[in-house]
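This briefing is meant for a reader who is meeting the structure for the first time.

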Amino acid sequence: MSATDTNTVEARCVRLNAKAENAAAITPVVERHALTRGPNDLLIEVKAAAVNPSDVKAATGLMPYALFPRTPGRDYAGLVIDGPAGTVGNEVFGSSGDLGIRRDGTHASHLVVEADAVVEKPKTVSWEEAAGIGVPFVTAMEGFRRAGVPKSGETVLVLGVNGKVGQAAVQIATWQGARVIGVVRKAEAYEGHANAPIEVIDASATDVALRVRELTAGKGTDIVFNTVGDPYFQAAHKSLALRGRQILIAAIDRIVQFNILEFYRGQHTYVGIDTLGLSSAATGAVLRDLGPGFATGHLKPFPIKANAIYPLECAKDAYAAVAGSSRDRVILKP
């Protein structure tokens with residue numbers, strides 16, 4: 001739909017009308033809904049929207065605060081078609097902790113969001129690529145903001161380095177001049193972009209903490225970005241340098257053995273990150289910190305494969321692909 005003189009538009013929206021028992025039972029439908037912007041909101045024509053694992057989890061009731069019925073989707077890129085003076089025509093992208101969970105989200109032809117939630121889309125980045133930046137890069141950057149952004153001379157250990165958050169963490173850390181060591185669970189090379197060579201440890205063949213000590217002359221690593229959680233908790237703990245920081249964003253089993261004596265003698269810091277707790281505006285602030293990196297090319301969006309792009313009417317297939325642990329960044333394109 002093109003720009004209009006009104007602040008209301010009839011949007012085509014993917015709708016989840018009730019909680020699904022499991023990922024296979026998710027039955028999205030496409031409905032038409034009128035969207036109206038407030039005085040400080042933008043009305044955006046969505047050009048592309050990513051599908052995240054959290055979208056699928058929220059559809060199956062794993063997030064008790066998720067509303068039904070609703071339009072899912074946290075990440076987006078699009079064109080501003082109505083808004084405060086000077087905003088119409090802007091090409092923008094963004095993400096959110098509340099969009100698509102506590103309120104209607106981005107899996108639609110149009111979106112209403114606060115003006116301070118969006119970031120200008122770099123000209124060198126496609127709509128689909130911009131839509132894919134959101135949650136992984138926000139999670140990685142918020143982790144580093146909370147734990148201390150890595151500096152030149154520091155070492156960062158990324159556990160689950162080939163996941164999308166892991167790749168974003170590598171990009172940010174090497175952009176800042178830090179040395180990165182990555183961990184994979186089976187023999188494979190690092191798949192993402194980096195601004196410096198990174199060493200990769202195969203956890204299936206090597207004692208991770210022992211190898212980290214060897215690679216750091218016994219010191220250990222200043223930051224551990226643990227994208228997996230409990231399976232790597234002990235290896236992460238034993239890899240930390242004096243005053244090291246571990247960032248945690250995920251869990252499979254919630255309970256771990258925790259050596260308090262080693263924790264306080266090591267003067268360690270543990271940082272928990274849940275981007276679902278960030279508002280759209282708070283998420284926009286994190287993305288703005290990343291803007292210079294994308295502008296200079298130190299940060300690169302994830303490549304989007306043609307077979308990972310779905311129309312809104314095929315949302316069920318897109319959700320199934322993400323539920324099936326696809327490593328591709330899955331995109332809905334209205």
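In this predicted model, strands E8 and E9 pair in the parallel sense, and their pairing runs over five bridges. Within this pair, Leu157 stands opposite Ile181, which belongs to E9. The two strands are part of an open sheet of six strands, whose order is E10-E9-E8-E11-E12-E13 and whose pairing is parallel.

**The sheet and the helices against it**

- The edges of the sheet are formed by strand E10 (199-202) and strand E13 (269-272), each of which pairs on one side only.
- Neighbouring strands of the sheet are turned against each other by 20° on average, when direction is ignored.
- Helix H3 packs on the sheet, where it touches E8, E11, strand E12 (240-248) and E13, and the direction of H3 makes about 145° with that of E11.
- Helix H5, which covers residues 208-215, lies across E8, E9, E10, E11 and E12, and runs at about 155° to E10.

**The nonpolar cores**

- The largest nonpolar core has 42 residues, and those with the most contacts inside this core are Phe137, Phe144, Val156, Val158, Ile172, Phe225 and Leu290.
- Among the elements that give two or more residues to this core are the strands E3 (41-51), E8 (155-159), E9 (179-184) and E11 (221-226), together with the helices H2 (127-131), H3 (134-147), H4 (164-175) and H8 (280-296).
- Ile172, one of the residues with the most contacts inside the largest core, touches Phe137, Ala140, Met141, Phe144, Leu290 and Leu299, if residues up to four places away in sequence are not counted.

- Ala59 counts as buried because its relative accessible area is 2%, which is under the 20% used as the cut-off.
- Beyond the residues up to four places away in sequence, Ala59 touches Leu16, Lys19, Ala20, Ile26, Phe68 and Arg70.

**The chain as a whole**

- The secondary structure of the chain comes to nine helices and 15 strands.
- The radius of gyration is 20 Å, close to the 20 Å given by the globule rule for 334 residues, so the chain is as compact as a globular protein of that length.
- Taken along the principal axes, the C-alpha atoms fill a box of roughly 65 × 45 × 35 Å.
- Of the 334 residues of the chain, 51% count as buried.
- Among the contacts between residues at least 6 apart in sequence, 69% join residues that are at least 24 apart.
- The accessible surface of the chain comes to about 14200 Å², and 53% of this surface belongs to carbon and sulfur atoms.

Terms used:
Residues are numbered from 1 along each chain as its sequence is written. This is a predicted model: local features need pLDDT of at least 70, side-chain atom pairs count only at pLDDT 80 or more; totals for chains, interfaces and linings use all residues. Side-chain values use heavy atoms; hydrogens and water are left out. A nonpolar core is a set of buried Ala, Val, Leu, Ile, Met, Phe, Trp, Tyr and Cys residues joined through side-chain atoms within 4.5 Å. Buried means under 20% relative accessible area, exposed over 50%, partly exposed in between (1.4 Å probe, protein chains only). Helices (H or I, at least four residues) and strands (E, at least two) are DSSP runs, numbered from the N terminus. Contact means heavy atoms within 4.5 Å. Two strands pair if DSSP finds at least two bridges between them. Axes are lines fitted to C-alpha atoms, for helices over the stretch in contact, and angles run from 0 to 180 degrees between N-to-C directions. The radius of gyration is taken over C-alpha atoms; the globule rule is 2.2 Å times the number of residues to the power 0.38. Accessible areas come from the Shrake-Rupley method with a 1.4 Å probe; for residues, only the protein chains shown count as cover.
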